[in-house]
Every structure is written in structure tokens, then in C-alpha cells.
Amino acid sequence: GGGQARPGYDRRVEPLVGLDTSPLRGRKIALDPGHGGRFPGSVGVGGLTEAEVNLGVALHLWGLLTDAGAQVVMTRTADKDFTTPADSSLRSDLAARVAKANAFDPDVFLSIHHNADAGARHDLNETQTYYKFTDPEASWDLGQVLHRHLALNLGVGADRLLPGNYFVVRNAVGAAALGESSYLTNPDVEARLALAAKQRLEAEAYFLGLVDYFRQGVPRITAMRVDPITTVSDPLDGNERPWIVAVTDRAPGTARLLLDGAPVDSASIERLPASAAGTWTVRARPAQPLTDGLHRVDWAVRAAGG
């Protein structure tokens, strides 16, 4: 893929001065600079490797995020891979990255990459952002807001937001996205990305996207439980239609509940007032009594402003 387009990276369009970065405070973000070590990734005509560019961008982004008060874990901070003598496969490398990120339990997982044209063309360039395809809620929100700021500030002129089935994105906890912000196999792009200033420009575009994502007020579901109903006013049920409960760390605007894969009528979802501890509760009762056995519950909560 990849459209014929400008190399981009001319200048940042959006200002950083005066930007309110407080939404990032205390947020947990995992950055994955793709490739490294025995996996250089795509390689430019002049020999610049994707692995080193990915790391350069991620380190700049780490600095911006840390300075704003976010908690950041990086899957790597040097040119290394995660293979072992027993298993030198790419899959083992990717699995180790995801394990490291997931142990941190991040709000957001972001994998940073730069593209190569499989057909060996050198005139292609495009900004592509991939969101976790199994998560059309939070990951789509994350993907589209990152993509908007990358497209605007890199100015490549061709861009696509796509569902992604990459191993690291698919297996990451929380909202997850992967950026292929430009084509390193385009010599004009390579010449720019060899410069620290252009790597920093890309990091700033990601940073603006992350500020925006968290500014929307991303609620974190801190607990889920099932509460039996002790007093029942209508005679239809005993304890067969219990409350299915989620607790969030900020006020939920909308909440969706899937019970065994089927959406529960949103009109039946209740929001309770905030507790003294500053948590919010959403709950619903299934329309039909639950059968004995295991049931699957999926909550998706969006904040009032998000």
C-alpha cells in the first residue's frame, strides 16, 4: 500500500506552548519502539534502519510524557531484541514485548513503526494508524485521535486509519494502537528521519494525540462484580436477575454492556451517584433470568466529555 505523496515533516502545525497537559498526569502509557537487535525492520536506501528511528521517536515521546506527569514504560531503550538461544523467533520477541507492557497494566499501548514498500518503490509515502481490531470502542478512539494529529502535523498528504491485527496490538491490554507514520523506503523521508528534529516532530504529534485522548476523560473500569438482589419488588424473580455492576474512576457518560456477546438494552443501565471515595457505579439487570453456569460480561464505558 501507500499513496504517492509528499515526504512531509516540514513543521509542526499545532502549538505546544500553553498546551494543558494535565490530563496525562498519573496515566500509564506503554511505548513499544518496534524492531531492534537482530530485527532491524525496514531499511532506507541510505541504510537508516527502522529500529533506530522507532527508538528515537519513542525516546522523545517518553520525555514529553514523563515531563507531563505520565507513568511510562518502554519495551526497549536500546538497540536490542528479546530472543533467547532457545527461541530466536520474531514471535518470541513480540511476546516478550507484550508481556513487559501488560505487566505494567497501561491505559494505553502504543507501538511505533515506519513503513516499507513491499514492491520496492521509493516514491510512496502514507501515514497509517492501526487500532486494535477487536476493540472498536477505546482503541478506535485512541487510533482516530492519534491519526488526526499525525496527519495534520506530519503533512504527508495521504493517510488511512485502519483496524489492525498485529500481534502486539491484538495481545495488549487496554486501548492499543500501532503507528506506521511514513515510508522509510522513500529517500526523502529517510533524509528527514535521520535528523533528531524530525523524530522529535513525530513524537510531538503523538504527544498531542495522547493529550487529546486523555482530555476526553477516559474512565478506567476499576472493578466488576455481580450483586444478588436482596429485596425484590416485582414477583417475577428471586435472585435470578442479579445486578451486573462496573465501578469506574470517573463519571461515565455512556455505558454499554454485552452479556454473553449480546448487547443489553441501554435504557436498563443505571448510573449511581458518585461515592465518597470518588468512584462511580453503573449497573444493569438482564431482561431474562440467568441460567446456571458461566456467563461472559463485557463493559465499555465512555466519559461524559469523550
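The structure is a predicted model, in which local features need pLDDT of at least 70 and side-chain atom pairs count only at pLDDT 80 or more, while totals for chains, interfaces and linings use all residues. Residues are numbered from 1 along each chain as its sequence is written, and side-chain values use heavy atoms, with hydrogens and water left out.

Helices (H or I, at least four residues) and strands (E, at least two) are DSSP runs, numbered from the N terminus. Helix α6 (residues 196-215) and helix α3 (residues 138-154) have axes that come within 8 Å and cross at roughly 140°. Axes are lines fitted to C-alpha atoms, for helices over the stretch in contact, and angles run from 0 to 180 degrees between N-to-C directions. The crossing of the two helices α3 and α6 is right-handed, that is, the near helix is turned clockwise from the far one by less than a right angle. Residues in contact (heavy atoms within 4.5 Å) include L142, V145 and L146 of α3 and A205, Y206 and L208 of α6. The contact of α3 with α6 comprises 12 nonpolar, 3 polar and 4 charged residues. In this classification Ala, Val, Leu, Ile, Met, Phe, Trp, Tyr, Cys and Pro are nonpolar, Asp, Glu, Lys and Arg are charged, and the others, Gly among them, are polar.

Helix α6 also meets α1, the axes coming within 8 Å and crossing at roughly 50°. This angle makes α1 oblique to α6, and the crossing is right-handed. Among the residues involved are V53, V57 and L61 in α1 and A203, Y206 and F207 in α6. The classes in the contact of α1 with α6 are 10 nonpolar, 3 polar and 3 charged residues.

Strand β1 is mostly covered, with 5 of its 6 residues buried (under 20% relative accessible area, with exposed over 50% and partly exposed in between, for a 1.4 Å probe and protein chains only). Strand β2 (residues 71-74) pairs with β1 in the parallel sense over 4 bridges, pairing requiring at least two DSSP bridges between two strands. A30 has V73 in β2 as its bridge partner.

V45 lies in the loop between β1 (28-33) and α1 (50-67). V45 is exposed, at a relative accessible area of 55%. Leaving aside residues up to four places away in sequence, V45 touches H122, T185, P187 and E190. The C-alpha atoms of V45 and L31 are 27 Å apart in space, at a sequence separation of 14 residues.

Conventions: Angles under 35 degrees count as roughly parallel, over 145 as roughly antiparallel, 65 to 115 as roughly perpendicular and the rest as oblique.
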